[in-house]
Amino acid sequence: MAAPGENLRIDGDRLWDSLMEMAKIGPGIAGGNNRQTLTDEDGEGRRLFQEWCEAAGCTMGLDTMGNMFARREGADPDALPVYVGSHLDTQPTGGKYDGVLGVLGGLEVVRTMNDLGIKTKHPIVVTNWTNEEGTRFAPAMLASGVFAGVHEQDWAEAREDADGKRFGDELDRIGWRGEEPVGERKMHAFFELHIEQGPILEAEGKDIGVVTHGQGLWWLQVTLTGKDAHTGSTPMEMRVNAGLGMARITEAVHRIAMEHLPNAVGAVGQANVYPNSRNVIPGKAVFTIDFRSPDLEKLNSMRARLEKEAAEIAEDLGLGIEIEPVGHFDPVTFDPGCVSAVRDAAERLGYSHLDIVSGAGHDACWINQVAPTAMVMCPCVDGLSHNEAEEISKDWATAGADVLMHAVIETAEIVE
Ligand SMILES: [Zn+2]
C-alpha cells in the first residue's frame with residue numbers, strides 16, 4: 001500500500017479560515033456557537049458546507065435522516081469509499097470546534113488532494129451526521145445510530161424537543177431530508193477527527209491522540225426511601241435519613257472507581273433530596289451514578305460492587321432502595337488496522353502522539369459497528385468543551401487534519 005510522503009501537508013490557514021467562517025453561523029452569546037440540530041442555523045451551516053464541497057468537485061448525497069455525504073470520486077468507482085467526518089450541530093452554548101473540526105478537516109483533506117492532484121483508488125466521502133449533540137432531540141449520535149442500525153428510524157423521527165416539535169417534522173421544515181435510505185452505504189473505512197474534550201493531551205504535551213477505545217458506561221438511578229421528619233425534634237437513633245444514605249453511596253461510588261483504576265471513572269452527577277427543606281430530614285433521595293470504563297469487565301464489576309454496597313448501606317440505615325439502569329453503552333474497540341493508520345501517520349509526520357481512550361460518545365462509536373473505524377484527536381485548551389469558551393490552536397487543528405489526511409490517503413490507496 002502506497003503511503004503518502006512526509007512532506008504532504010494540509011493548508012492550515014485555509015482550514016482555520018473555514019472554521020471561523022462556519023462559526024459565524026449561529027453565534028452564541030459568549031464567543032462560541034448555538035447551532036443546534038434542525039434549526040434554521042443548522043440549515044444555513046449545511047448550505048455553506050454543501051457549497052464548499054461542490055466547489056471542491058464533490059457530489060452531495062443526502063439520506064432520509066439528513067446525513068450529508070460529499071463524494072470525491074476514486075480511480076476505481078466500484079471500490080468502497082473511505083469515509084471521514086463528524087457533525088456540524090452544536091450544543092446550545094457550544095464551541096466552534098466540537099464536531100465542526102472533523103467535518104471541515106475532512107473537507108480540507110479533499111481540498112489539499114485536489115491542489116496536489118492526488119488520486120486514490122477508493123472514493124473519499126466527507127460526512128456530516130445529523131444531531132450528534134442530542135441536546136434538542138435526545139439521545140446523542142441519533143442519526144449515525146440509525147445508520148448503524150442501533151435505533152429504528154421511526155423512533156428517531158418521533159423524538160421531540162422541549163417544545164414538542166418532532167425530529168422528522170423539523171428535518172422537513174429546514175428542507176434537508178434526502179431520498180436515500182439510511183444505512184445502505186457500505187464503507188471501506190471511517191475516520192473521525194475530533195477535539196479531545198478532555199485535558200490529557202494538553203497536559204502531556206502531545207499533538208495527537210490515537211484513539212484506541214471508546215468508554216462504555218452504566219448510568220444507574222438510585223431511589224432511597226426513608227421518613228421525612230423534623231431535624232430538631234427527632235432523636236438521632238430514630239431517624240431514617242435518605243440524604244445520609246445518598247452521601248454514603250456517593251462516597252462508595254468514588255471509592256469503587258478508584259479501586260478499579262486505571263481506566264475507570266465514577267461519580268454521582270445528579271442529586272435530589274425530598275422535600276429539600278432546611279429543617280426536614282430527607283425522606284427520599286433520587287440520584288444518578290455514572291460509571292465509565294473502556295473495559296467491559298471493569299464496567300460490570302463496578303456496577304455489581306455498587307449494587308451490593310448500596311444495599312448494605314440502605315439496610316444499615318433502614319432505608320428502602322431501588323436501583324434502575326437508565327443508560328448503557330458497551331465499550332468500543334476501534335479497528336486495529338485503522339488505528340495503526342492513524343498512529344503511523346502521526347509518526348511519519350513527526351507529531352508527538354499518545355494512545356488514548358475517548359471519554360465521550362462520538363458518531364465513530366456507532367459507525368464502528370458497521371465499518372472499520374478509528375478516531376484522531378487533537379488537544380483542546382484546559383480540556384474545556386460543551387462550553388462557548390472551548391478553544392484550540394491553529395497548530396493543533398493543522399496537525400489533526402494532517403494526520404487525518406495521511407491515514408485517509410493510505411487507506412484509500414494512492415494511484416499513480
Ligand atoms: Zn462532538
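Colleague: How much area do domain 1 and domain 2 bury between them?

Modeller: Start with the idea. The size of an interface is often given as the accessible area lost when the parts come together. In this predicted model, domain 1 and domain 2 bury about 650 Å² between them, with 66% of that on carbon and sulfur atoms.

Colleague: Where are the bounds of domain 1 and domain 2 in the protein chain?

Modeller: Domain 1 comes in two pieces, 12–215 and 331–412, while domain 2 covers 216–329. Taken over C-alpha atoms, the centres of domain 1 and domain 2 are 37 Å apart. The contact draws on 8 residues from domain 1 and 11 residues from domain 2.

Colleague: And how many salt bridges does the rule find across the interface of domain 1 and domain 2?

Modeller: Between domain 1 and domain 2 the count is 0 salt bridges. For polar contacts across that interface, the rule gives 1 residue pair, both at pLDDT 80 or more.

Colleague: How many salt bridges turn up in a search of the whole structure?

Modeller: The general idea is simple: side chains of opposite charge can pair when their charged atoms come close. Searching the whole structure gives 25 salt bridges. One of them pairs the side chains of Asp-13 and Lys-394, at 2.7 Å from N to O. Asp-13 sits in helix H1 (residues 12–23) and Lys-394 in helix H12 (residues 394–412), so this pair ties together parts 381 residues apart in sequence.

Colleague: Are Asp-13 and Lys-394 buried, partly exposed or exposed?

Modeller: Asp-13 has 43% relative accessibility, so it counts as partly exposed. Lys-394 is partly exposed too, with a relative accessible area of 33%.

Colleague: Which residue forms a salt bridge with Arg-255?

Modeller: That's Glu-309, whose closest N and O atoms with Arg-255 are 2.9 Å apart. This pair links distant parts of the chain: Glu-309 is in helix H9 (residues 296–317) and Arg-255 in helix H8, 54 residues apart. Glu-309 counts as buried because its relative accessibility is 15%, whereas Arg-255, at 28%, counts as partly exposed.

Colleague: Which residue at the other end of a 3.2 Å salt bridge does Arg-305 pair with?

Modeller: Glu-309 again: its closest N and O atoms with Arg-305 are 3.2 Å apart. Arg-305 and Glu-309 are 4 residues apart in helix H9, so about one helical turn separates them. Arg-305 is partly exposed, with a relative accessible area of 27%.

Colleague: Which residues are linked in a network of salt bridges?

Modeller: Look for Asp-40, Arg-136, Asp-161, Glu-170 and Arg-173; salt bridges link these residues in a network.

Colleague: Are Asp-98 and His-194 buried or exposed?

Modeller: Both Asp-98 and His-194 are buried.

Colleague: Now a loop residue. Where is the place of Thr-64?

Modeller: Thr-64 is in the loop between strand S1 (59–62) and strand S2 (68–72). It counts as buried because its relative accessibility is 17%, under the 20% cut-off. The side chains of Thr-64 and Gln-153 are joined by a polar contact of 2.9 Å. Not counting residues up to four places away in sequence, Thr-64 touches residues including Glu-157, Leu-171, Arg-177 and Pro-181.

Colleague: And Thr-231, in which loop is that found?

Modeller: Thr-231 is found between strand S9 (229–230) and helix H8 (242–259). Its relative accessible area is 30%, so Thr-231 is partly exposed. Leaving aside neighbours within four places in sequence, Thr-231 is in contact with Arg-239, Arg-278, Asn-279, Val-280 and Ile-281. Thr-231 and Ser-277 are 46 residues apart along the chain, and 9.8 Å separates their C-alpha atoms.

Definitions and conventions
Residues numbered from 1 in each chain as written. Predicted model: local features only at pLDDT ≥ 70, side-chain atom pairs only at ≥ 80, totals over all residues. Heavy atoms only, no water. Buried < 20%, exposed > 50% of the residue type's maximum accessible area, 1.4 Å probe, protein only. Domains from an automatic or database assignment. Contact = heavy atoms within 4.5 Å. Buried area = accessible area lost by both parts, 1.4 Å probe. Salt bridge = Lys/Arg side-chain N within 4 Å of Asp/Glu carboxyl O. Polar contact = N/O pair within 3.5 Å; in protein donor to acceptor, adjacent residues only side chain to side chain. Helix = DSSP H or I, 4+ residues; strand = E, 2+ residues; numbered from the N terminus.
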